[in-house]
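Q: I'm new to this one and would like a close look at a single part. Could you walk me through a charged pair and what lies around it?

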Amino acid sequence: FDSPFIRDEAESLTINRPWSRDAYPLLAEWIESCNPAIEQLLQIVQTSECRFPIPQNLAATHLQLERINRMKGWARLLLRSANLDMAEGRLRKALEKQQAALKMAQHLYQQKNLFDQAAAFHVELLAARALQTFIIEQSSDLDTLDAIEQSFSELDPGWAKNWAAIIEREKLIAKNVAGLFYETDNQGNIRGFFTQEGNPVS
């Protein structure tokens, strides 16, 4: 998701501002090689609801974090591509990609667990900054401004209605992790596998 052609000084510049292919020709060429995948992603994000497997143990949590990192990578790629589009006058395409990043945040908010909620806020913030730049520097069209406003009005973190489910899932993960170090017999008695120093037995 991160081109080998992004130099340190270009990392924040190309994701936060329109940038020129004259300044970063290899980066522009690399992003264009990703266009087929980007087009597929633009279709996928139109899905109204998205559900990923619920992590219930450490192994599943590891897979969850890997997925989240990939989604963040996709969002960064989308926004870098949008900023190149913006610099070259493809404003409609740039806006489509920025709004797609916002929809990725919505999909993450739908997962009802803390890691995904935190990732959703991160992706939302990246997309919001990009759309802010678009509004300030590129858009004087009222219909476009209305479309951007509508995108944010449709974004729903759902904390109020999701909080109970978030708490239950976090409890489930905690119980399954703790279960690695305890056992329960037929009478319901619990025994922990710890050394005298209080460390878990390996």
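A: Start with E39 and K93, whose side chains meet in a salt bridge, 3.0 Å from N to O. E39 sits in helix α3 (residues 35-44) and K93 in helix α5, so this pair ties together parts that are 54 residues apart in sequence. Keep in mind that what you're looking at is a predicted model. As for cover, E39 is partly exposed, at 33% relative accessibility, and K93 also counts as partly exposed, at 24%.

Elsewhere, salt bridges that share partners join R21, E32, D85, E88, R90 and K97 into one network. One link in there is R21 with E32, where the closest N and O atoms are 2.5 Å apart. R21 is in the loop between α1 (8-16) and α2 (25-33), while E32 is in helix α2, 11 residues apart. R21 has 27% relative accessibility, so it counts as partly exposed, and E32 is partly exposed at 35%. Altogether, the count comes to 11 salt bridges.

Back to helix α5, which covers residues 91-109 and also holds Q106. Q106 counts as buried, because its relative accessibility is 15% and the cut-off for buried is under 20%. Leaving out residues up to four places away in sequence, Q106 touches E154, L155 and D156.

Helix α7 (residues 142-154) is where you'll find D146. D146 is partly exposed, at 46% relative accessibility. On the surface, D146 gathers with D141, D143 and E149 in a patch of negative charge.

Finally, step back to the whole protein. There are 8 helices and 2 strands, and going from the N terminus the order is α-α-α-α-α-α-α-α-β-β. Of the 202 residues, 37% count as buried. If you take contacts between residues at least 6 apart in sequence, 66% of them join residues at least 24 apart. The accessible surface comes to about 12,000 Å², and 54% of that belongs to carbon and sulfur atoms.

Methods:
Residues numbered from 1 in each chain as written. Predicted model: local features only at pLDDT ≥ 70, side-chain atom pairs only at ≥ 80, totals over all residues. Heavy atoms only, no water. Patch = residues over 30% accessible without salt bridge, like charges linked within 9 Å, V, L, I, M, F, W, Y side chains within 5 Å. Areas by Shrake-Rupley, 256 points an atom, 1.4 Å probe, with all protein chains shown as cover. Salt bridge = Lys/Arg side-chain N within 4 Å of Asp/Glu carboxyl O. Lys, Arg positive; Asp, Glu negative; His and termini not counted. Charge placed at Lys NZ, Arg CZ, Asp CG, Glu CD. Helix = DSSP H or I, 4+ residues; strand = E, 2+ residues; numbered from the N terminus. Buried < 20%, exposed > 50% of the residue type's maximum accessible area, 1.4 Å probe, protein only. Contact = heavy atoms within 4.5 Å.
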